[in-house]
Amino acid sequence: MTNSFTDITPSLRRRHARETRFKWMGKIAIIIAVSFLLVMVGSIAWLGSGALKQTRVQLNVHLDAAQIDAAAVADANYGKLIKTALLDRFPEVTKRRDKKSLYGLVSYDAAYALHDRVVAEPGLIGQDLRMWFVASDDLDMLIKGNLETTGDENRRRFSDKQLGWINSLKEEGAIKSVFNVAFFTTGDSREPELAGVLGAFVGTAFTLLVCFCLSFPIGIMAAIYLEEFAKKNRWNDLIEVNINNLAAVPSIVFGLLGLAVFLNVFGLPRSSPLVGGMVLALMTLPTIIIAARAALRAVPPSIREAALGIGATQIQTVFHHVAPLALPGMLTGAIVGMARALGETAPLLMIGMVAFIVDIPGSVVQPATALPVQIFLWADSPERAFLEKTSAAIIVLIVFLILMNLVAILLRNKYSQRF
Amino acid sequence: MGNLPTAPFVSSNKTRRRLGEFVVYVLLITSALVAVAVTIGIVFSLAFEAYHFFQLISWQDFLFGTKWSPQTAIRSDQVGAEGSFGVLPLVVGTLLISAIAMAIATPLGLASAIYLAEYATPRARSIIKPMLEILAGIPTVVYGFFAALMIAPFIRMTGSSIGLEVASESALAAGIAMGIMIVPLISSLSDDVINSVPQSLRDASYGLGATQAETIRKVILPAALPGISGSLLLATSTAIGETMIVVMAAGMAANLSVNPLDAVTTVTVQIVSLLTGDQEFDSAKTLSAFALGIMLFCVTLVLNVIAQKIVKHFREQYD
């Protein structure tokens with residue numbers, strides 16, 4: 001007896017060691033996946049946090065009465081006033097090239113800001129005005145510490161001379177960082193320091209609205225038919241198989257469908273949230289149908305039997321009793337579907353929602369872009385400042401994804417009933 | 001009872017109700033048919049444009065050509081006027097990136113599924129599962145951005161430090177990002193499959209003295225294999241159809257190469273690059289996107305149908 005016991009001890013130890021190794025393989029796999037998530041989200045959040053700050057430069061602008069015609073305040077050359085203000089501040093700058101790089105310290109938006117200020121307050125003409133202007137993207141990046149300040153001068157964005165100007169501005173407190181309101185209140189721009197996400201956000205909101213208005217009613221009606229009325233026959237089997245397969249069709253194929261049918265056959269407006277929403281609706285339809293069917297299946301047969309028993313028709317039974325009970329579940333499924341549609345980019349590229357659009361769309365038929373497409377566009381831009389904007393836009397997108405999923409979870413927890 | 005005044009009221013209400021109910025019923029059926037109409041719409045619209053394409057380019061040249069450069073001539077005497085539409089480089093590129101993605105996602109996804117289903121305490125499960133769901137919920141454009149921004153430079157740097165030449169838009173970078181994206185898909189499907197293996201099989205194995213790892217490897221995995229292979233097929237189909245990661249992280253150049261350090265392009269990348277920008281619907285260049293689209297649709301459809309058949313068959317086995 002003791003003999004056979006000692007015989008298996010080494011093999012048992014080996015087997016237990018193997019057991020531990022096996023268990024650790026699973027742990028390591030999860031650690032890799034989760035740490036990838038953390039590194040990805042963490043690095044993007046770190047990069048994007050910079051976009052919350054905007055650098056401003058203070059200039060003393062002399063609103064020369066000779067330059068501004070009091071009768072036509074709006075027509076004055078405000079860009080020239082800004083340039084004069086910069087030259088007054090740095091009188092030592094005389095060479096043409098140096099002047100040009102000096103003007104590059106402030107954004108071209110400065111002229112518009114000054115214009116707006118003077119038009120609003122014409123009484124300022126003839127006086128000196130101290131005003132904060134948006135810095136150019138290069139200066140912004142420098143202040144945020146994203147640009148090289150040492151090493152070979154020819155390979156840097158700023159030469160030592162320019163750095164000298166900037167330092168002297170800094171010393172007198174004429175450079176400050178403020179919260180970047182513009183990022184949340186403006187549309188896209190070619191100038192990174194002026195680009196904002198509002199246009200893309202409104203475009204996404206319109207797109208999702210169209211998507212929801214189409215896919216939710218059609219989805220739940222289809223689910224009600226399949227779950228409550230359809231008899232088991234070949235046709236209904238076909239519909240079912242079809243829906244399951246549609247759920248796995250690559251999203252770009254839906255984009256091709258939208259391009260060929262909605263744009264080329266029906267002639268709907270290109271780049272519009274209407275078409276984007278329709279394409280995304282077709283894409284989310286299977287998700288909604290599958291979720292709604294699960295919700296309907298969870299309603300116990302006793303409810304149906306009771307309603308039928310007191311004389312309700314089948315339609316009444318479904319619409320008065322079964323569907324209301326399943327509604328929270330159906331809504332949860334719809335929100336999860338919408339959250340997927342929110343992050344979808346490829347089909348929107350196909351129907352032209354990838355154009356450069358500055359204006360904030362006012363309706364579903366105006367050209368617009370969407371948040372994920374905006375991310376794609378910015379990610380393609382070479383300026384260093386757009387890197388920050390892209391990351392910040394990703395954070396906005398992820399925050400909305402989390403919010404939508406939270407709403408879905410809350411709905412499920414609040415209304416979920418056990419029968 | 002017979003002369004109660006409600007009788008006529010009920011009957012008139014009944015006819016109205018019947019009509020109303022019929023309308024509602026028709027609406028319900030129509031809604032269900034929308035899903036079918038979408039499929040038919042996809043097939044017909046793609047086939048229609050692809051048909052026009054194959055009038056210009058022969059299908060042999062398309063399927064077996066080894067050169068992809070979809071230029072169409074502006075003038076007839078232009079140099080290199082004839083575009084070549086050989087799809088092989090794209091197919092090879094797509095398969096290469098998908099293979100890299102699956103090589104990463106399969107071990108990670110399966111190992112995490114096994115851990116979640118067999119080892120994790122309910123508390124650990126309740127933390128890890130949502131984390132993986134977040135990974136699945138992150139839009140692919142974010143993965144693409146991350147792949148181009150971090151993974152590709154990292155691979156390039158590592159490669160050059162050991163003396164390898166790595167393209168700045170290597171297949172490996174896109175494949176890694178895509179692999180991580182697919183992990184939650186494989187893990188959640190396989191987790192379901194492993195959970196549906198009956199407890200009696202585990203108990204029998206433990207009763208014979210097997211350790212937990214031995215039970216999983218020798219009993220549960222073989223029993224779950226059909227379901228798991230179904231989930232792997234679904235994941236492959238997702239990888240083939242994935243667009244944004246490859247658009248942002250893989251290249252545009254159609255190289256016929258199986259070296260993961262080279263830049264390759266995929267079917268989806270080409271569809272996007274052909275259709276964003278100016279389009280003329282009579283040029284082979286634009287129409288070729290639809291030929292690529294129908295190919296993509298058919299391949300993913302076949303994979304899905306097989307996967308669903310396998311999974312369904314597997315479920316019935318243990319139900």
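This is a predicted model: local features need pLDDT of at least 70, side-chain atom pairs count only at pLDDT 80 or more; totals for chains, interfaces and linings use all residues.
Residues are numbered from 1 along each chain as its sequence is written, and chains are lettered from A and ligands numbered from 1 in the order in which they are written.

In chain A, the axes of helix H15 (residues 371-379) and helix H16 (residues 384-415) come within 9 Å and cross at roughly 160°; helices are DSSP runs of H or I with at least four residues, and strands are runs of E with at least two, numbered from the N terminus. Axes are lines fitted to C-alpha atoms, for helices over the stretch in contact, and angles run from 0 to 180 degrees between N-to-C directions. H15(A) and H16(A) are therefore roughly antiparallel to each other, the class for angles over 145 degrees. Residues of H15(A) that meet H16(A) include A:Leu371, A:Ile375 and A:Trp378, and among their counterparts in H16(A) are A:Phe386, A:Ala393 and A:Leu397.

Helix H10 (residues 251-265) and helix H11 (residues 273-297) of chain A also have axes that come within 9 Å, crossing at roughly 130°. That makes H10(A) oblique to H11(A), and H10(A) passes H11(A) in a right-handed crossing.

Chain B comprises 11 helices and two strands, and buried residues make up 47% of its 319 residues, a residue being buried if 20 or more other C-beta atoms, placed from the backbone, lie within 10 Å of its own. Of the 201 residues in the largest nonpolar core, B:Ala147, B:Ala174, B:Ala177, B:Ile245 and B:Ala249 touch the most other members; such a core is a set of buried Ala, Val, Leu, Ile, Met, Phe, Trp, Tyr and Cys residues joined through C-beta atoms within 7 Å. Helix H8 (residues 198-229) of chain A gives the most to this core, with 17 residues. Beyond its neighbours within four places in sequence, B:Ala174 is in contact (C-beta atoms within 7 Å) with residues including B:Ile97, B:Val246 and B:Ala250. A second, separate core of 28 residues includes A:Leu86, A:Leu105, A:Ala110 and A:Leu142.

Conventions
A residue is buried if 20 or more other C-beta atoms lie within 10 Å of its own, exposed if 12 or fewer, and partly exposed in between; C-beta atoms are placed from the backbone. Angles under 35 degrees count as roughly parallel, over 145 as roughly antiparallel, 65 to 115 as roughly perpendicular and the rest as oblique. Two residues are in contact if their C-beta atoms, placed from the backbone, lie within 7 Å. A crossing is left-handed if the near helix is turned anticlockwise from the far one by less than a right angle, and right-handed if clockwise.
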